[in-house]
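Subject: Structure handover

Hello,

Here is the structure you asked for. My notes follow below it.

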Amino acid sequence: MNSEVVKIRGLNKWYGRGKARNHVLKGVSLDIRKGEIVSINGTSGSGKTTLLNIIGGLDRVFEGKVEVDGRDLLALSDRKLSHLRNETMGFVFQAFNLLPHITCVENVMVPAYFSSRGMSKAHQRAEALLEMVGLSDKTNEHPTELSGGQRQRVSIARALFNRPSIILCDEPTGSLDQGTGRQILSLFHTLNEDDGITIILVTHDNSVSDRCSRVIRIEDGVIKSDKTQELRRFDPGEVESHPDLT
Ligand SMILES: Nc1ncnc2c1ncn2[C@@H]1O[C@H](COP(=O)(O)OP(=O)(O)OP(=O)(O)O)[C@@H](O)[C@H]1O
Ligand SMILES: [Mg+2]
């Protein structure tokens, strides 16, 4: 059986054209296996978000081969690609902000509007997910009434709605304090341990990378290093007990 959930060969990406043409991914090849927690690091502008967008099927203007869950992204029809995205991937991107005018539970249920799932079941699942991320008391509040870390947890609940096998995160702890960042990371560890979810996250924060099973460093569109390390989960005492997150 093929355990690679992401397989990239000779990926090149340019933005712009003519004189303004900018080569931002330069021959990237990479395999990510099921159950890995991969951190992608690199300085600002090195191509991390571009790479994540391509893996997530959000950008199909590239050269090379990218397979996710055994499917060649360039060969899929738009309909098959959105199906793959909805069923297989969960996104925690800053660009995928929560909708401010609906409640948290409705935000978590958003993926249900794109599938044939019954709405009352969807509501129950959204509530269960909010409970899992420690926000059962916030289901009927609006995202604008929440803190940054709480909003991030709503985004994670929404990303998990369709039981993805891969979660893609762009700076999931970027705007959070260290304690809240740890809670999010510890939640990822639990999802990874319980469900074997593969997690790919972009971060600038070394303390986040330290808690991943693999660290890939990208510089100016090229993979400079790729290290597998033992996954260090948090001890219970290391994650601040949070009244929300028990
Ligand atoms: N939509 C776009 N159009 C044109 N150029 C872009 C676009 N998005 C990114 N770029 C350029 O591509 C390069 C890589 O950008 P990318 O967003 O992937 O970097 P990054 O590693 O995620 O940086 P950061 O850490 O600041 O988020 C940069 O030079 C950026 O200016
Ligand atoms: Mg970025």
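Start with Ser213, which is found in the loop between helix H7 (206-209) and strand S9. Helices (H or I, at least four residues) and strands (E, at least two) are DSSP runs, numbered from the N terminus. Ser213 is buried, at a relative accessible area of 13%. Buried means under 20% relative accessible area, exposed over 50%, and partly exposed in between (1.4 Å probe, protein chains only). Not counting residues up to four places away in sequence, Ser213 touches Glu36, Ile37, Lys227, Thr228, Gln229 and Leu231. Contact means heavy atoms within 4.5 Å.

Some ground rules. This is a predicted model, where local features need pLDDT of at least 70, side-chain atom pairs count only at pLDDT 80 or more, and totals for chains, interfaces and linings use all residues. Residues are numbered from 1 along each chain as its sequence is written, chains are lettered from A and ligands numbered from 1 in the order in which they are written, and side-chain values use heavy atoms, with hydrogens and water left out.

Next, the sheet that holds S9. Its 6 strands run in the order S6-S7-S8-S3-S9-S10, and the sheet is open with mixed pairing. Two strands pair if DSSP finds at least two bridges between them. S6 and S10 are the edges; each has a single partner strand, so one side of each has no neighbour in the sheet. The twist averages 15° from one strand to the next. Axes are lines fitted to C-alpha atoms, for helices over the stretch in contact, and angles run from 0 to 180 degrees between N-to-C directions.

Strand S3 (residues 37-41) runs parallel to S9, joined by 4 bridges. Val38 stands opposite Arg214 there. S9 (residues 214-219) also pairs with S10 (residues 222-228), antiparallel, over 6 bridges. These two strands form a hairpin with 2 residues between them, and Asp220 in the turn has a positive phi of about 45°. Glu219 stands opposite Val222.

Two helices lie across S6 and S7. Helix H2 (residues 78-88) runs at about 75° to S6. H5 runs at about 165° to S6.

H5 (residues 148-160) also meets helix H4 (residues 119-132): their axes come within 9 Å and cross at roughly 135°. H4 and H5 are therefore oblique to each other. (Under 35 degrees counts as roughly parallel, over 145 as roughly antiparallel, 65 to 115 as roughly perpendicular, and the rest as oblique.) Arg125, Leu129, Leu130 and Met132 of H4 make the contact with Val154, Ala157 and Leu160 of H5.

There is another sheet. It is open, with 4 strands in the order S2-S1-S4-S5 and antiparallel pairing. Strands S2 (22-33) and S5 (71-72) are its edges, each pairing on one side only. S1 (residues 4-15) and S4 (residues 63-68) share 5 bridges. Arg9 has Lys65 as its bridge partner in S4.

Helix H1 (residues 48-55) lies across S1, S2 and S4, at about 125° to S1. H1 is largely enclosed by the rest of the structure, because 7 of its 8 residues are buried. Among them are Leu51, Leu52 and Ile54. Just after H1, Gly57 takes a positive phi of about 75°.

Last, Pro100. Its place is the loop between S6 (89-92) and helix H3 (104-109). Pro100 counts as partly exposed, at 35% relative accessibility. Leaving aside neighbours within four places in sequence, Pro100 is in contact with His142, Pro143 and Thr144.

Best wishes
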